[in-house]
Amino acid sequence: MSALQMPIRRGSVSFARFRLGAAPPRDVRRWLTTALRAGAFEPIDLRGDQDRAAGFVELEAEGMTAFTPSTMFTGMAAVFAWRVDKLRLPSAQLRGELARWSQAFEAANKRPPGRKEKTEQKDTLKRAWRSRAEPVSRTFDVSLDLTSRELLVWATSSTVVEEVHAALEEQLGMAVVRAVPSAAIASNRLDALQPTPALFGGGA
Amino acid sequence: VAARRAKSKETGFPKGETGVDGAATAEAVEPEVAEQARAQEALLRGRAWLGRECLTWLLWKSESTQAIASVEKQEVRVVFSERLTLRSASAEVKELLVKGVTAPYTRQVRHAIAAGLLVHGARVQLTWGEQVYVATLDAESFDVRAAKLPALLQEEESERLTERLELAARLGALLDALVLAFLAARLSRGWEGTVVPALLEWARAP
C-alpha cells in the first residue's frame, strides 16, 4: 500500500481511540523510537514454518523500521504504522500438484503411493511453494498526539485494533486505555456503578 | 426412526455428545435462553451498558438542539441522523434498527427506549463553532467509524496530514466533552431521582 492510499492521509476516517495511561518520559521521542524499534516488523522467514508476521513500520515506507524523527513526527503528533504479512497457502493448487504426482508415482511404481509417501511429498511441495511465495501485506496507520496523549489506531478490524493495542502496551511499558465512558471514572467509583434498572427495564 | 436414534447415540458417544447410557452429556439449551445469555454478555462486555446509557442520554438531550457541552469556550451541539440501533438485554425485541434523516427522534424510537431498549449505535453530527463533524459510534468501543471531517484548508501534503490529524484530535476532544457532560449527570445524586424520570417521561410521551 502506498503512502497516498493511507487512511491517515485521506479516505474514510475510521479509528479506535486510546489514551496513554501515564505521562510519557521527558524524552518522549527517544522513548517512542526505542519502543517501536523493539516491536519492529520482521518479515516472514520463508524457510521456516511461520505463516504470519506483524510489527511496527514507518508510515512513509512500510519496509523501513528506523523510525527517525524526520519520518515519525509531524506537528505535535507521532505517526507510524502496523504491518501484517500473511502467506496464503494455495490449497487447491497444492491438491492438484499432489494428485498429478500420485498419478506419476503409480505409473512408475505400479502401485499408488502410501500415506507416508504422500505426506512427505506434500511437505516437499509446501516447502517449494513457500520458497517462491509472496506474502500478502497490509498496513494500518497509528497516530499519537504527544500533547493530549491520545492514540488513534486507524483501522476498523477489531482483531487488528486489539493486536496493535497489546503490542503498544508491551513495547511502551505502560497501560494504553480505550477512550470509553468508563475510562473517565475513577476505579473505586466505577466498581460501585451498576446499570440503571429503570432504563434497562429490569434486564440488566 | 428407532434405527436412526440408535445410530445417533453411537456416533454421539465418540464426539462426547452422549454418555455410555446414550443420554446427552449436556442439557440442551433453549434458543430463547441462549439468546438472553448472549444479550446479557453483550451488555456487560466492555461495560457497554454505560455506553448505551450515554448515547441514550445524548439522544434525549440533543432533541432540544441546545448545546450539550463546550470545548475551548465554543458550544458543542449534537444531532442524531440517518441510522440508529437500539438494543435490549431482556425484551422480546433484542435489536431495533431505524433509518431515515429524522428517524432517531420518532415516536417509535422513544417508545422503544421506554420499553427498555437503549441506543447501541448511532450516526451523529457534531457542530463546534463553524466546524461540522459526522461519525458513527457504538456503545461498546466508542470507536469512530466512517467519519466526515471539516474540509482541509492546507494544500501542502505534509501540512494536510498535520491538519487532518488535528481535526481527528478535535473530533476526539468533542466526544470526550460530551461523555464528560453525560458522566456529570450520571454520577450526580439526581441521576435516578430526577434525570432518569425526566428521560423516561420524554420517552413515554405520545
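Colleague: What makes you say that α3(B) and α5(B) meet, and which residues are involved?

Modeller: In this predicted model, W49(B), L50(B), E53(B), C54(B), W57(B) and L58(B) of α3(B) meet L178(B), V179(B), A181(B), F182(B), L183(B), A185(B) and R186(B) of α5(B), where contact means heavy atoms within 4.5 Å. The residues of this contact divide into 11 nonpolar, no polar and 2 charged, with Ala, Val, Leu, Ile, Met, Phe, Trp, Tyr, Cys and Pro counted as nonpolar, Asp, Glu, Lys and Arg as charged, and the others, Gly among them, as polar.

Colleague: Why is α3(B) called roughly perpendicular to α5(B)?

Modeller: Helix α3 (residues 48-62) of chain B and helix α5 (residues 157-186) of chain B pack at an angle of about 100 degrees, and their axes are 10 Å apart. The axes are lines fitted to C-alpha atoms, for helices over the stretch in contact, and the angles run from 0 to 180 degrees between N-to-C directions. Angles under 35 degrees count as roughly parallel, over 145 as roughly antiparallel, 65 to 115 as roughly perpendicular and the rest as oblique, so the pair is described as roughly perpendicular.

Colleague: What makes A181(B) a buried residue, and which residues is A181(B) in contact with, leaving aside its neighbours within four places in sequence?

Modeller: A181(B), which is found in helix α5 of chain B, has a relative accessible area of 18%; buried means under 20%, exposed over 50%, and partly exposed in between (1.4 Å probe, protein chains only), so A181(B) is buried. Leaving aside neighbours within four places in sequence, A181(B) is in contact with W57(B), I68(B) and A69(B). The C-alpha atoms of A181(B) and A69(B) are 6.2 Å apart in space, although the two residues are 112 residues apart in sequence.

Colleague: How do you know how many helices and strands to give chain B?

Modeller: Helices (H or I, at least four residues) and strands (E, at least two) are DSSP runs, numbered from the N terminus, and chain B comes to 6 helices and 6 strands. Read along the sequence, the pattern of chain B is α-α-α-β-β-β-α-β-β-β-α-α. Of its 206 residues, 45% count as buried.

Colleague: Why is L146(A) counted as buried, and where does L146(A) lie?

Modeller: L146(A) lies in the loop between β5 (136-145) and β6 (150-154) of chain A, and its relative accessibility of 19% makes it count as buried. Leaving aside neighbours within four places in sequence, L146(A) is in contact with V28(A), F73(A), M76(A), A77(A) and A78(A). In strand β5 of chain A is D141(A), which counts as buried at 0% relative accessibility.

Colleague: What is the area buried between chain A and chain B?

Modeller: Buried area is the accessible area (1.4 Å probe) that two parts lose on being put together, summed over both; for chain A and chain B this is about 3700 Å², of which carbon and sulfur atoms give 60%. In chain A, P181(A), L199(A) and F200(A) lose the most area to chain B, together 20% of what that side buries. The two chains bring 45 residues of chain A into contact with 44 residues of chain B.

Colleague: How confident is the predictor in each chain?

Modeller: On pLDDT, the predictor's confidence in each residue from 0 to 100, chain A averages 89, with 96% of the residues scoring at least 70, while the mean for chain B is 88, with 88% of its residues at 70 or more. The model scores ipTM 0.82 and pTM 0.83. Over residues 1-5 of chain A pLDDT stays under 50. Where pLDDT is low, the predicted coordinates should not be read in detail.

Colleague: Which conventions apply throughout?

Modeller: Residues are numbered from 1 along each chain as its sequence is written, while chains are lettered from A and ligands numbered from 1 in the order in which they are written. As this is a predicted model, local features need pLDDT of at least 70 and side-chain atom pairs count only at pLDDT 80 or more, whereas totals for chains, interfaces and linings use all residues, and side-chain values use heavy atoms, with hydrogens and water left out.
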